[in-house]
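Let's look at how the words used for a protein model connect to its numbers. Here is the structure to keep beside you.

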Amino acid sequence: MVKDLYLTAFPEHERLAFSFILDRAKLDQNHLVAIEDDGQFIGLVYYTISGKNLLISYLAMDPSTRSKGYGTRVLEQFKEKYQDKTIFLEIEEVIENADNYTQRVKRQSFYERNGFTKSNIYMKTKIEGNGLEIMTTQPITFADYKDAVTTYLGQDNMSEWNSYFEAVIR
């Protein structure tokens, strides 16, 4: 169920191999969690703790459970459990000519309603229209973001990441 949701909820260009996610989740600072309510699978979250920061890389609810408040409850639990952490995540940039423009607007609005704001960090990609906005519960620096990504991916994989993304500080 977790793998199926992961493969259907995120665009291919945003996904890493699921086997890589599973391997990274074996480390203490990376966590892949199946979200359940009374034994029913409702979603997944993959996150990384890096010092005083927490990067949510993937958060998705099963389509049958969307718009029922589960995503908000998960974020509330994160903010309560990790009060000492700055929580941040990446969303697709909201651009009008995107095929999924409405979905992008809804996603950004969802996170804003849940206490996240856009940071001044934008990750430009080599694929037009696939840049990432960084949203956060508190201000972060690019160094904070990159440290969390390095913890998430591993130092050995950062050269590929660096070749794909270009940081733009606004």
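The questions and answers below take some of these words one at a time.

Q: What should I know about the model before starting?
A: This is a predicted model, where local features need pLDDT of at least 70 and side-chain atom pairs count only at pLDDT 80 or more, while totals for chains, interfaces and linings use all residues. Residues are numbered from 1 along each chain as its sequence is written, and side-chain values use heavy atoms, with hydrogens and water left out.

Q: What makes Val-168 partly exposed?
A: Buried means under 20% relative accessible area, exposed means over 50%, and partly exposed lies in between (1.4 Å probe, protein chains only). Val-168 has a relative accessible area of 27%, so it is called partly exposed.

Q: Where is Val-168 found, and which residues does it touch?
A: Val-168 is in strand S7 (residues 165–169). Strands (E, at least two residues) and helices (H or I, at least four) are DSSP runs, numbered from the N terminus. Leaving aside residues up to four places away in sequence, Val-168 touches Asn-120, Ile-121, Tyr-122 and Lys-124; contact means heavy atoms within 4.5 Å. The C-alpha atoms of Val-168 and Ile-121 are separated by 6.0 Å, although these residues are 47 apart along the chain.

Q: Why is S3 described as largely enclosed?
A: Nine of the nine residues of S3 are buried, so the rest of the structure largely encloses this strand.

Q: How do you know that S2 and S3 pair?
A: Two strands pair if DSSP finds at least two bridges between them. Eight bridges join strand S2 (residues 40–50) to S3, so they pair, and they run antiparallel. Tyr-47, for example, has Ile-56 in S3 as its bridge partner. S2 and S3 form a hairpin with two residues between them, and Gly-51 in the turn has a positive phi of about 65°.

Q: In which sense do S3 and S4 pair?
A: Their pairing is parallel, over four bridges, and Asn-53 stands opposite Thr-86 in S4.

Q: How do you know that the buried residues of H4 are on the same side?
A: In H4, Arg-104, Gln-108, Phe-110 and Tyr-111 are buried. They cover an arc of only 155° around the axis, so they lie on the same side of H4; the arc is that of the directions from the helix axis to the C-beta atoms. On the other side of H4, Lys-106 and Arg-113 are exposed.
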